[in-house]
Amino acid sequence: MTTTSNQPEPGSGDAAVQAAAERAEVTRERNVPSFDDLPGVGDTANLREGPDLHSACLMLLPLVGVWRGEGEAAHPSQDESYRFLQQVTFAHDGRPFLYYESRAWRLDGEGGSVVAPAFREVGWWRPQPDDTIELLLVHSTGISEMFFGQQRNKTTWQLATDAVIRTPTAEDATAASRLYGVVDGSLAYVEERATSEHELQPRLSAKLERVVG
């Protein structure tokens, strides 16, 4: 005699939907902090709250939220690779762009303790009528970058720099590329970076879980 279970098979579409619903139970009531005494509407990283997402940003809808997780930094210009903890925010205020912020902290190993602040960056994702994406990033290390890219499919986005501007004291960087993807509810990305002495090489990679939205 065989028995059937109401639980979906691992890897099935039903399982993915159920997993997303379980995650939403934890994240759906959370949002980025806001100040009620400011004029207009505030930023929201939760699509259930605040202004409607602008139609131009629908191609970026899966990114909206706050994500946390671990990654690895490595590059030929660095003495050694290291693990980091990262929080990434994608928020909007109803206009045709997303606000982006990334903060990272160096760890003493995988799943380890924080030992020091690491890289920070802020920027704007600006989808265009021709389906291209402009990404403007400013790094705490003195670098400003202008990326252009496209949505490869509904949950994957690929971008590459068109211009890199450095202050006199900035770290060496001449080009970069990034690939983002939302897979099984997680946000994963890989960044490659070039310097005056090295062609594009892997620099950052991480897998992040949604904590808001």
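## Rings, charges and strands

Biologist: The charged end of arginine 203 lies over the ring of phenylalanine 119, 6.0 Å from the ring's centre. What makes a charge count as sitting over a ring?

Modeller: NZ of Lys or CZ of Arg has to be within 6 Å of the ring centre and within 35 degrees of the ring normal. Arginine 203 is listed at 6.0 Å, so it counts as sitting over phenylalanine 119. Arginine 106 also lies over a ring face, that of tyrosine 82, at 4.2 Å from the centre.

Biologist: What should I know about the model itself?

Modeller: It's predicted: local features need pLDDT of at least 70 and side-chain atom pairs pLDDT 80 or more, while totals for chains, interfaces and linings use all residues. Residues are numbered from 1 along each chain as its sequence is written, and side-chain values use heavy atoms, leaving out hydrogens and water.

Biologist: How many aromatic pairs does the structure hold?

Modeller: There are 8. One of them joins phenylalanine 84 and phenylalanine 119, with 5.1 Å between centres and 80 degrees between planes.

Biologist: Why is the pair of phenylalanine 97 and tryptophan 124 called edge-to-face?

Modeller: Rings of Phe, Tyr and Trp (its six-membered ring) pair if their centres lie within 6.5 Å; planes under 30 degrees apart are stacked, over 60 edge-to-face, the rest tilted. Here the centres are 5.4 Å apart and the planes sit at 85 degrees, so edge-to-face it is.

Biologist: What makes that pair a tie between parts of the chain?

Modeller: Phenylalanine 97 is in the loop between β2 and β3 (98-107), and tryptophan 124 is in strand β4, so the pair ties together parts 27 residues apart in sequence. Strands here are DSSP runs (E, at least two residues), numbered from the N terminus; helices are H or I runs of at least four.

Biologist: How do you know whether phenylalanine 97 is buried or exposed?

Modeller: Buried means under 20% relative accessible area, exposed over 50%, and partly exposed in between (1.4 Å probe, protein chains only). Phenylalanine 97 has 18%, so it is buried. Tryptophan 124, at 39%, therefore counts as partly exposed.

Biologist: Why do strands β7 and β8 count as paired?

Modeller: Two strands pair if DSSP finds at least two bridges between them. β7 (residues 156-166) and β8 (residues 175-183) have 5 bridges, so they pair, in the antiparallel sense. Glutamine 158 has leucine 179 in β8 as its bridge partner.

Biologist: How many bridges join β8 to strand β9?

Modeller: 9, and these strands run antiparallel too. They form a hairpin with 2 residues between them, and aspartate 184 in the turn has a positive phi of about 50 degrees.
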